Amino acid sequence: MTITTLGVPSVPHRIDGAPSSHAPATGPLVDSYGRIATDLRVSLTDRCNLRCTYCMPAVGLPWLGAEQLLRTDEIVRLLGIAVTRLGITKVRFTGGEPLLAKHLEDVVAFTATLQPRPEITLTTNGVLLAERAASLARAGLNRVNVSLDSVDETSFAAISRRHRLADVLSGLEAADRAGLRPVKVNAVLDPRTGLDDVVPLMRYCLRHDFQLRIIEQMPLDAGHQWRRADAVTAGDVLAQLRRHGFALEPDPVARGASPAELWRITDTATGSTGMVGLIASVSHPFCSTCNRVRLTADGQLRSCLFANEETDLRGLLRGDANDAAVEAAWRTAMWGKPAGHGINDPDFVQPRRPMSAIGG
Ligand code: SAM
Ligand code: SF4
């Protein structure tokens, strides 16, 4: 088995002659390597109703206080600046678990009024999706990514430390009925059970016409337990699927800034076909094409998932900064975006915040 197309150049080259301290005052949201950010991920809460091993500890993670969280008026103001001044074209709400945020429909509805109207998506664990999929679609949500690592009750409970598989499956079906398509399923495979889990998960997704995306586990767990040698790689997944009778061909459509390498897949036992995405963040980093920027639930801007620096937009808002000043701070923060995540460097330091407090 050979992996023919995974990966893009992992680290970008700095723009020739770019002054390192000056972001352009207007135009697209560019960094000093020439990458343009158009995809904003907004975390609405750091809390969650699951406790996935690769993200949160079983107990003991301190929550942000109510006064630390951005208020609804602050979130919508930042969304307005992002879309109308900075050229953001896609907004993804995440967390923590974004369905724990009661104002999600209101924030989505506001985002849908912005011009040019951005694409609006949600990443959720799906536990509470069945009851809100229809109202979210009415508010203007375009699509969802639902995280589901296994369709086996025991594996699901071991990974998420909760018995909520049936709720997630109901949530997925409700999202489909509400037209939040294409429904995508995000899976992070467990080092012990993941290669067994992926085969029935793939069949489940093909049966329901959901697009499975398998994400390599990254060192963003609260317990700092991640070990490279244990993690399941995209190459391991391709080999496992082929061993179990799936035929895979690289999708010829250009990947662009998407983190997922898409493959056309056929289950040779049933003849069912679909697409599967492999997000090889560790084994084949795609930092050179990154177009993403993140806003944490407490109003800190992160130019990279793995950034060790944050820019305090909440402080600016509460200090009466005008929109031009917030825009300038945002542009400066993005200009300083690091070349790459550095996971594969010997001096790599895991960020202080776990994934649940950043927003995936
Ligand atoms: N709670 C929601 C969910 O699980 O979909 C949204 C937040 S969660 C942090 C967003 C995505 O990050 C999920 O798809 C999750 O699987 C992924 N994720 C969390 N920790 C990760 C890690 N250490 N490595 C790779 N992906 C991770
Ligand atoms: Fe919660 Fe999502 Fe983290 Fe799982 S991955 S603990 S569902 S925030």
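Helices (H or I, at least four residues) and strands (E, at least two) are DSSP runs that are numbered from the N terminus. The close-up views below come from a predicted model, in which local features need pLDDT of at least 70 and side-chain atom pairs count only at pLDDT 80 or more, while totals for chains, interfaces and linings use all residues. Residues are numbered from 1 along each chain as its sequence is written, chains are lettered from A and ligands numbered from 1 in the order in which they are written, and side-chain values use heavy atoms, with hydrogens and water left out.

**View 1. Three cysteines that UniProt annotates as a binding site, Cys 287, Cys 290 and Cys 304**. The feature comes from an unreviewed UniProt entry; its positions are given in the numbering used here, its name is shortened, and such annotations may be inferred rather than shown by experiment.

**View 2. The surroundings of Cys 290**. Cys 290 is buried at a relative accessible area of 13%, where buried means under 20% relative accessible area, exposed over 50%, and partly exposed in between (1.4 Å probe, protein chains only). Cys 287, at 12% relative accessibility, also counts as buried. When neighbours within four places in sequence are left aside, Cys 290 is in contact (heavy atoms within 4.5 Å) with Arg 35, Ile 36 and Lys 337.

**View 3. The residues around ligand 2**. A residue belongs here if one of its heavy atoms lies within 4 Å of the ligand, and those found are Cys 48, Leu 50, Cys 52, Tyr 54, Cys 55, Met 56, Gly 96 and Asn 125. Among them, Cys 52 is buried with a relative accessible area of 16%, and Cys 55 is buried with 14%.

**View 4. Helix α5, residues 165-177**. This helix has 13 residues and reaches 19 Å from its first C-alpha to its last, close to the 18 Å expected at 1.5 Å a residue, the expected span being 1.5 Å times one less than its number of residues. In α5, Leu 165, Val 168, Gly 171, Leu 172, Ala 174 and Ala 175 are buried. The buried residues of α5 pack against α3 (133-139), β4 (143-147), α4 (153-160), β5 (184-188) and α6 (194-208).
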